[in-house]
Amino acid sequence: MVDRPIEEIVCCMGQPVAGNPTQFIMERAFNAAGLDWRYLTLEVPPENLSGALAGMRSMGFRGGNFTIPHKVAVIEHLDDLSEAARLMGAVNCVNHKDGQLIGENTDGKGFVQSLKEIVDPSGIKVAMFGAGGAARAVSVELGLSGASEIIVINRTESRGQELVDLLNNDVGIKSSLVIQDGEVEIDDDVDVVLNATSIGLGDADAQVPVVVETLSENMVVADVVFNPPQTWLLHQAAERGCTCLDGLGMLVNQAVIGFQIWTGVDPDPAVMREALEEYLEI
Ligand code: NDP
């Protein structure tokens, strides 16, 4: 009889989750790394999250990604959190190790990793649009990576202030709030301008409320939106000679980090990027 071990399983849970590219990327990377692992994309409504986590434990899944609407709700079902996930109050990646489910947040790390390919985050001043889940993840991780100041620009004051308080008091990075009401000017000593809102998702013409004339060529302009990757903001920034960073790098790098956490193996980021572009038909 041939002795064949069963495949290891990881998953993504969310709702709606159709169209999520992670399974496509991960399976290509498992294949390229010679790992006999499987990645399942699972539609899990909020009322079934508890049962799904129990199933994950019982069936020995090695881990999973958690996306909308589970990033906060999953925490109460876990045994422990990484420092970043605890600070952000959100988890997008769970590692099942020694019977424990440990929550991580790789979104911010993925962004910082792609930013590092262009600029050292240590000492930079950032102007960031948004205060939602992606903005929290990215700004906490920028703070942990030594950025010197983050200006949070958000439409809703309460959400913006909550993030500014978190950054000042818990992460220890200087932060202030600009309430966005109309177009916002960017100070000329800002190093990185970041759109961490959902403006631009599925709409290449959607305008981030920035005075584009205040973007200058010494700035890096980044967008977390990855579909479409060429957003209105990046188009405007490129016309003004800024260095541009699209959301694909963040997505690939957070997948790289998740892969490393689960398998202990370094995947080939180029294989993952190619798979993502193929999936998105770029
Ligand atoms: P949230 O719903 O948590 O937050 C949305 C943010 O966008 C809020 O700050 C909201 O402001 C702001 N916003 C939305 N519409 C407008 C508008 N018309 N004018 C001004 N502000 C607006 O979403 P997430 O943070 O989870 O996701 C944001 C984006 O990040 C999505 O496009 C998502 O696809 C992307 N993302 C990309 C990843 C990657 O790997 N590249 C990873 C994770 C997310 P307000 O508080 O006022 O409502």
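These notebook entries record what I looked up in this structure, which is a predicted model.

**Entry 1: the ligand and its neighbours**

I next looked up distances from oxygen atoms of the ligand to N or O atoms of the protein. For N154, a polar side-chain atom lies 2.8 Å from a ligand oxygen. For R155, an N or O atom of the side chain is 2.9 Å from an oxygen atom of the ligand. For G132, the atom concerned belongs to the backbone, and this N or O atom lies 3.5 Å from a ligand oxygen. I also noted the area of the ligand: taken alone it exposes 940 Å², and the protein buries 78% of that.

**Entry 2: where the ligand sits**

Which pocket holds the ligand? I found that the ligand sits in the largest pocket.

**Entry 3: the largest pocket**

I turned to the pocket itself and recorded a volume of about 1,400 Å³ for it. The lining of this largest pocket comprises 45 residues. Nearest to the pocket centre lie I68, K71, A134, S198 and L201.

Two or more lining residues come from each of β3 (63-66), α5, β8 (149-154) and α8. To the lining of the largest pocket, α8 gives the most, with four residues. By class, I recorded 23 nonpolar, 18 polar and four charged residues in the lining.

**Entry 4: the backbone**

I finally looked up backbone features, with a general point in mind: most residues other than glycine have a negative phi, and most peptide bonds are trans.

I found a cis peptide bond between Q15 and P16, with omega about -5 degrees. P16 lies in the loop that runs between β1 (8-14) and α1 (22-33).

I found a cis peptide bond between N227 and P228 as well, where omega is about 5 degrees. The loop holding P228 is the one between β11 (220-223) and α7 (232-239).

Where is D98? I located D98 in the loop between β5 (93-97) and β6 (100-104). The phi of D98 is near 50 degrees, a positive value in a residue other than glycine.

How values were computed:
Residues are numbered from 1 along each chain as its sequence is written. This is a predicted model: local features need pLDDT of at least 70, side-chain atom pairs count only at pLDDT 80 or more; totals for chains, interfaces and linings use all residues. Side-chain values use heavy atoms; hydrogens and water are left out. A polar contact is a pair of N or O atoms within 3.5 Å; within protein, one must be able to donate a hydrogen and the other to accept it, and residues adjacent in sequence count only if both atoms are side-chain atoms. Accessible areas come from the Shrake-Rupley method with a 1.4 Å probe; for residues, only the protein chains shown count as cover. On a 1 Å grid over the protein atoms alone, a cavity is a set of points where a 1.4 Å probe fits but cannot get out, and a pocket is an open set with protein on both sides within 12 Å along at least five of seven lines; lining residues have an atom within 4 Å of a point. A molecule sits in a cavity or pocket if more than half of its atoms lie within 2 Å of its grid points. Grid points are joined across faces, edges and corners, and a volume is the space filled by probe spheres set on the points. Ala, Val, Leu, Ile, Met, Phe, Trp, Tyr, Cys and Pro count as nonpolar, Asp, Glu, Lys and Arg as charged, and the others, Gly among them, as polar.
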